[in-house]
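Please keep the sequence and the model in view while reading.

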Amino acid sequence: ARISEGEALRKRLHNTILELKGNIRVFCRVRPFITDGNVYDGSAISFPTSTDLVGRGIDLANQTQKYSFAFDRVFGPDSSQQDVFVEISQLVQSALDGYKVCIFAYGQTGSGKTYTMMGRQSSEGEKGMIPRSLHQIFKTTRALTSEGWEYCIQASMLEIYNETIRDLLLPGRPGVGPEASNGKQYNIKHDANGNTIVSDLTIEDVHSQEDVDRILRQAEQSRSVGRTQMNEQSSRSHCVFTLRISGVNKKTEQQVQGVLNLIDLAGSERLAKSGATGDRLKETQAINKSLSALSDVIFSLAKKEDHVPFRNSKLTYLLQPCLGGDSKTLMFVNVSPEVPSAGETLCSLRFAARVNSCEIGVPRRQT
Ligand code: ADP
């Protein structure tokens, strides 16, 4: 399709705005209605049009009030995976240029986080940000070989559930619990070069699209076995996909080392609504704790505090080298359009709006 001149200009302007802003961006994505046999009387979500030049506004109405929010970008229910990917492709590119990048999906269970990150593997058009990022990385690295670049790309994928790590690429042991990890410890350390090392974690070299497909299939299988065994565990765990990219230019002897993390966060729903007791209560508390540990880190980086509480959760400790400093962060806030979800949606949007007002790009004093 041809893009009109005005549209191209608007897009360039929009990208410039994104570049000028600090290094934390927030994109909001509203999923379509799910046709599950229920009849819904309208959507809680609407989009202001006249003032909304680049798709940045979103309105939410609950029974009593209307709320307006603005984010770096808002994707409505009709937006395709490709529409969304176009807006993050520059960020993926910067991992190839040697940046450390984190892309999060935040939102209540069922709001479209996994769809955004992984998508449907069976349908080309519905593949999510992870397979699309890998596709772009392969395309670019292949093109750069003619300029003398050689790349080594390594992938790992893990799940953090109740503050324990599970290796999603451990061959042949897709279950949950200590037996599934074969006695492995998965301790997190940071080396002198600012790289995260998780002991015993499977790291796969990826050379081709076939390797990617195999890895994603294995991870999906591990996640779904976990889900059945632990009763919808996947919505209660954070899933972290990490790609380490090392490049050397044989002609110029330039070197780059970038990291791309794509993180499908645990459902953000609040305790009261989930009506949790017993084990489930413990889980919900652990999730709330680690999600609030993540927001504490973001807000503490934004305030340029001397002490950033990275060690308060496995997730933030794992991602420490990739948050703040000159790393780049993007957060998707995924929301459901249905009226009964309006309460959770409001919480998600308020949190995301606070994150969107943060700038954590300026180098800070390390402690
Ligand atoms: P979450 O990971 O937040 O729990 P999911 O990604 O599993 O939510 O989404 C819930 C359901 O909605 C899934 O069946 C998913 O396929 C569907 N879905 C979510 N977002 C979209 C979208 N943009 N287009 C089509 N279907 C979607």
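This is a predicted model: local features need pLDDT of at least 70, side-chain atom pairs count only at pLDDT 80 or more; totals for chains, interfaces and linings use all residues.

A polar contact is a pair of N or O atoms within 3.5 Å; within protein, one must be able to donate a hydrogen and the other to accept it, and residues adjacent in sequence count only if both atoms are side-chain atoms. Residues are numbered from 1 along each chain as its sequence is written, and side-chain values use heavy atoms, with hydrogens and water left out.

At the ligand, a backbone N or O atom of Ser 111 lies 3.2 Å from a ligand oxygen. For Tyr 115, a polar backbone atom is 2.7 Å from an oxygen atom of the ligand, while a side-chain N or O atom of Arg 120 is 2.9 Å from a ligand oxygen. Of the 550 Å² of accessible area that the ligand has on its own, the protein covers 73% (Shrake-Rupley method with a 1.4 Å probe; for residues, only the protein chains shown count as cover).

Turning to the cysteines, the count of disulfides (pairs of cysteine sulfur atoms within 2.5 Å) comes to zero. The closest cysteine sulfur to that of Cys 322 belongs to Cys 102, and at 4.9 Å it is too far for a bond.

As to confidence, the protein chain averages a pLDDT of 84, and 78% of the residues score at least 70. Over residues 16–21, the pLDDT is below 50, and this stretch has eight contacts (heavy atoms within 4.5 Å) beyond near neighbours in sequence.

Conventions
pLDDT is the predictor's confidence in each residue, from 0 to 100.
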